[in-house]
Amino acid sequence: MPTNWPAMLPRLLKRSFPSLLLVAAVVGWAATSAPAAALSRIKDLAQVEGVRQNQLVGYGLVVGLNGTGDTLNNAPFTKQSLTAMLERLGVNTRGATLRTANVAAVMVTASLPAFATQGTRLDVTVSALGDSKSLQGGTLLVTPLLGADGEVYAVSQGSLTISGFQAEGDAAKITRGVPTVGRIANGAVIEREVEFKLNAQRSLRLSLRNPDFTTAKRIAASINDFLGADTAEPTDPATITLNIPPKYRGNMIQLLTEIEQLKIEPDQTARIVVDERSGIIVMGRDVRVSQVAVAQGNLTVTISERPEVSQPEPFSDGETVVVPRTSLKVDTGDKNKLAIVREGVTLRELVDGLNALGIGPRDLISILQAIKAAGALQADIEVM
């Protein structure tokens, strides 16, 4: 066999099977001209069950405000908290009249990441609870952050940073942003860890962010093709059970890292999302319409008043009067004709056809709902 046979192969095929090259060329052209599929990583479509954040919340006091704190008479919880804090520090204020306006009761919230260890820090958000006007310049005192089980998982303290401000005078007032909400970067220290032994697991469950039967099956098939065994199985539209192969036991990080990078084409139900308050319409690419005729027209009645002044003749006994003049105009939309939307049109053709009717987003919402009621729209309409 000659050594340059790879270079001679096209000539041999052309000489022996001329139609074969034609078919290959057509297939190659079709493959290059077809639109590329929107592939997404499994990392962006699903998450490992158990690897999640936990919400923390706490109640505390912010001090050092420049007269913008809570009014103690209107916020009894602030007064009680201030009295209790001073007593713990050895200051007895029971029965005394407190008039300070530099203290505010706040709620502190944070998210505890998965696998967070003791001593690491978290960002916290501080929100006013009473009638405080601004938290600018305040300092959060030591505040325990509790989880859903009532245990303390972090402790927060530090100076607040706010993005808004408020300024006022006797006759004017301006507020920019929200001055009663602040943030403390790295303002909490983790004191307790959430136990989750990932490497000890013998099976894992992947939870889809957007449940779908087809997407779940494609993810399982992609994982099985990569591992070379039937280890992944979709149990429902939102869950895929993954049995850990023996060679990956004790090394879950490597397995998950490789699985997360696999790419598939997600599938979703044809859906139209409508926000009637703002007039926003979002259509999925799989929205299809059966052949239907659409006409749009509104009855518009315009009334305008232009009163005129009637002057009497000179040297007459007449009086100057105002004569009403009313103009009425009725538009029944007779110029709007029926437009036919062809069957099985794509999303682009559907949008172009509806735009050709010259309608706005508000009328488009009603038309889509009417097409759906007629049974000609193969998509779900979700109204926000």
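This report describes selected residues, contacts and elements of one structure.

## Basis of the model

The model is predicted, and local features need pLDDT of at least 70, while side-chain atom pairs count only at pLDDT 80 or more and totals for chains, interfaces and linings use all residues. Residues are numbered from 1 along each chain as its sequence is written, and side-chain values use heavy atoms, with hydrogens and water left out.

Thr 143 belongs to strand β6, which covers residues 139-146; helices (H or I, at least four residues) and strands (E, at least two) are DSSP runs, numbered from the N terminus. With a relative accessibility of 0%, Thr 143 counts as buried, where buried means under 20% relative accessible area, exposed means over 50%, and partly exposed lies in between, with a 1.4 Å probe and protein chains only. The side chain of Thr 143 reaches the backbone oxygen of Leu 141 at 2.8 Å. Apart from neighbours within four places in sequence, Thr 143 is in contact (heavy atoms within 4.5 Å) with Gly 58, Tyr 59, Gly 60, Val 108, Ala 154, Val 155 and Ser 156.

Val 62 is part of strand β3, and at 0% relative accessibility Val 62 also counts as buried. Leaving aside neighbours within four places in sequence, the contacts of Val 62 include Asn 102, Val 103, Ala 104, Val 126 and Leu 160. Val 62 and Val 126 are 64 residues apart along the chain, and their C-alpha atoms are separated by 9.0 Å.

Helix α4 runs over residues 76-88, and its 13 residues should span 18 Å at 1.5 Å a residue, which agrees with the 19 Å between its end C-alpha atoms; the expected span is 1.5 Å times one less than the number of residues. Thr 78, Ser 81, Leu 82, Thr 83 and Met 85 are buried in α4, and the buried residues of this helix pack against β3, β4 and β6. After α4 comes Gly 90, whose phi is positive, near 90°.

Helix α5 spans residues 213-227 and holds Lys 217, which counts as exposed at 60% relative accessibility. The C-alpha atoms of Lys 217 and Glu 233 are separated by 7.8 Å, although these residues are 16 residues apart along the chain.

## Aromatic rings

A pair of aromatic rings is described by the distance of the centres and the angle of the planes. Rings of Phe, Tyr and Trp (its six-membered ring) pair if their centres lie within 6.5 Å, and planes under 30 degrees apart count as stacked, over 60 as edge-to-face and the rest as tilted. Searching the whole structure gives one aromatic pair. The ring centres of Phe 115 and Phe 196 are 6.0 Å apart and their planes stand at 50°, so this pair is tilted. Phe 115 lies in the loop between β4 (104-112) and β5 (121-128), whereas Phe 196 lies in the loop between β10 (181-190) and β11 (203-208), so the pair ties together parts that are 81 residues apart in sequence. Both residues are partly exposed, Phe 115 with a relative accessible area of 44% and Phe 196 at 26% relative accessibility.

Another ring, that of Tyr 153, has the charged end of Arg 192 sitting over it, 5.7 Å from its centre; a charge sits over a ring if NZ of Lys or CZ of Arg is within 6 Å of the ring centre and within 35 degrees of the ring normal.

## Salt bridges

There are five salt bridges in the structure, each being a side-chain nitrogen of Lys or Arg within 4 Å of a carboxyl oxygen of Asp or Glu. One of them joins the side chains of Arg 41 and Asp 44 (3.1 Å, N to O); Arg 41 is partly exposed at 28% relative accessibility, as is Asp 44 with a relative accessible area of 43%.

Another salt bridge links Glu 49 with Arg 205, and their closest N and O atoms are 3.6 Å apart. Glu 49 lies in the loop between β2 (46-48) and β3 (54-63) and Arg 205 in strand β11, so this pair ties together parts that are 156 residues apart in sequence. Glu 382 and Arg 271 also form a salt bridge, with the closest N and O atoms 4.0 Å apart. Because Glu 382 lies in strand β25 (residues 380-383) and Arg 271 in strand β15 (residues 271-275), the pair ties together parts that are 111 residues apart in sequence.

Methods: Polar contact = N/O pair within 3.5 Å; in protein donor to acceptor, adjacent residues only side chain to side chain.
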